[in-house]
Amino acid sequence: MNICVFLSAADLDERYTGPAREFARLLGKGGHTLVWGGSDVGLMKVVADGVQEAGGRLLGVSVEFLAATARRGADEMVIAPDLAERKRLLLEKADAVVIMVGGTGTLDEATEILELKKHGHTDKPVVLLNTAGFYDGLKTQFRRMEDEGFLPRALTDLVFFAEEPVGALAYLEESQGIE
C-alpha cells in the first residue's frame with residue numbers, strides 16, 4: 001500500500017519522534033511505501049529513515065523552493081512546481097493518508113483531504129495520529145462541527161482517530177483488506 005504521511009519537517013523532541021519512528025518501522029516492515037513531502041530534515045527525515053531501515057520504499061514529492069532539502073536516495077522523487085501541485089501529486093500517488101504532528105502546512109494538507117472526502121471526491125482512508133494528544137483540540141473542533149451540522153457526513157466516515165502508531169496502521173491495513 002502507498003501510504004501518504006503528512007507531517008512536520010521541524011526537529012522535534014522524543015515524545016513526537018519516538019512514535020513517528022515506531023510508525024515508520026511498522027510501515028516498512030509491512031512492505032508498504034511511504035509517500036511523503038520528500039524532505040530529509042526534521043520529522044520527515046525520522047520517518048523516511050525508519051521506513052527505509054525496515055525495508056519499505058520511499059516515494060517523495062518535494063516542491064521547487066524546498067528541492068535543496070529533498071532526500072537523496074529515495075526510491076522515487078518528484079519535484080512539483082508549487083505547493084498545490086505537490087498536494088495533488090501526494091494524494092494521487094497514495095492509497096491512504098496518515099496525518100501526523102505538524103504545523104500550518106500539515107493542517108492545510110489535512111483539511112484538503114478531509115474536504116475532498118466530505119464531498120465524495122475520494123474514498124481513501126484517512127487516519128489522524130494523535131501523538132501525545134497533539135490534536136486533542138482539533139478533534140474537539142471536528143466533533144463540534146459534526147454536532148452542529150457543519151459536516152454532511154459522519155465524522156467517522158471522514159477520519160479515524162488513532163492514539164498509537166500500531167492502531168493507525170492496523171486501521172489502514174484492515175480498510176484495504178490486508179491481513
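The radius of gyration is taken here over C-alpha atoms, and the expectation for a globule is 2.2 Å times the number of residues to the power 0.38. In this predicted model, the protein chain has a radius of gyration of 15 Å, which agrees with the value near 16 Å that a compact globule of 179 residues would have. Along the principal axes, the C-alpha trace spans about 45 × 35 × 35 Å.

The protein chain contains seven helices and seven strands, arranged from the N terminus in the order β-α-β-α-β-β-α-β-α-β-α-α-β-α. Of the contacts in the protein chain with a separation of 6 or more, 68% are accounted for by residues 24 or more positions apart. Of the 179 residues, 49% count as buried.

Helix α7, comprising residues 165-175, has Pro165, Ala168, Leu169, Leu172 and Glu173 as its buried residues. These residues lie on the same side of α7, because they cover an arc of only 125° around the axis. Val166 and Glu174, by contrast, are exposed on the other side of α7. The buried residues of α7 pack against strands β1 (2-6), β5 (96-99), β6 (126-129) and β7 (160-162), as well as against helix α1 (14-29). Gly177, which follows α7, has a positive phi near 75°.

Note on methods
Residues numbered from 1 in each chain as written. Predicted model: local features only at pLDDT ≥ 70, side-chain atom pairs only at ≥ 80, totals over all residues. Heavy atoms only, no water. Helix = DSSP H or I, 4+ residues; strand = E, 2+ residues; numbered from the N terminus. Buried < 20%, exposed > 50% of the residue type's maximum accessible area, 1.4 Å probe, protein only. Contact = heavy atoms within 4.5 Å. Arc of directions from axis to C-beta.
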